[in-house]
Amino acid sequence: MKKQTGPQPEPPETHALNSGLRDAIATFHGKWKLEILWLLRNDTVRFNSLRRALPGITQHTLTKQLRELERDGMVSRMVYPEMPPRVEYRITGKARALGPVFRAIFAWAEKADASR
């Protein structure tokens, strides 16, 4: 009888870790999400200002990415009842806690660029 060789089931603690990691990565999956969070890191920003700061992004894509970030608790959205409507975005405390991660990513990127 042949011994089966294939992926072995993950131990429960590994499965939980991988699941958490997948969830975290899914939060930032999207071409523009990290850039959006970076732009919001210091200030509340209006929708059109975000759009101008991200050359190449479409209105549809920006709206979709902001909605996903809002759903995941990373961005808060404020709509002012004016004509025309004014919509502003800011990062939440949950997203602000990622500051050290952003700094680590930028430090890594600088080293990678220097070694090219």
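Me: Which helix holds Gln 65?
Reply: Happy to start there. This is a predicted model, where local features need pLDDT of at least 70, side-chain atom pairs count only at pLDDT 80 or more, and totals for chains, interfaces and linings use all residues. Residues are numbered from 1 along each chain as its sequence is written, and side-chain values use heavy atoms, leaving out hydrogens and water. Helices are DSSP runs (H or I, at least four residues), numbered from the N terminus, and the one with Gln 65, spanning residues 59-71, is H4.

Me: Is Gln 65 buried or exposed?
Reply: Buried means under 20% relative accessible area and exposed over 50%, with partly exposed in between (1.4 Å probe, protein chains only). The relative accessible area of Gln 65 is 6%, so this residue is buried.

Me: Which residue has its backbone nitrogen 3.3 Å from a polar atom of the side chain of Gln 65?
Reply: Contact means heavy atoms within 4.5 Å. Leaving aside neighbours within four places in sequence, Gln 65 contacts Gly 30, Lys 31, Trp 32, Lys 33 and Ile 36. Among these, the backbone nitrogen at 3.3 Å belongs to Lys 33.

Me: Within what arc do the buried residues of H4 fall?
Reply: The buried residues of H4 are Leu 62, Gln 65, Leu 66, Glu 68 and Leu 69. The arc is taken from the directions from the helix axis to the C-beta atoms. Seen down the axis, these residues line one face of H4, because they fall within an arc of 160°.

Note on methods. Helices (H or I, at least four residues) and strands (E, at least two) are DSSP runs, numbered from the N terminus. A polar contact is a pair of N or O atoms within 3.5 Å; within protein, one must be able to donate a hydrogen and the other to accept it, and residues adjacent in sequence count only if both atoms are side-chain atoms.
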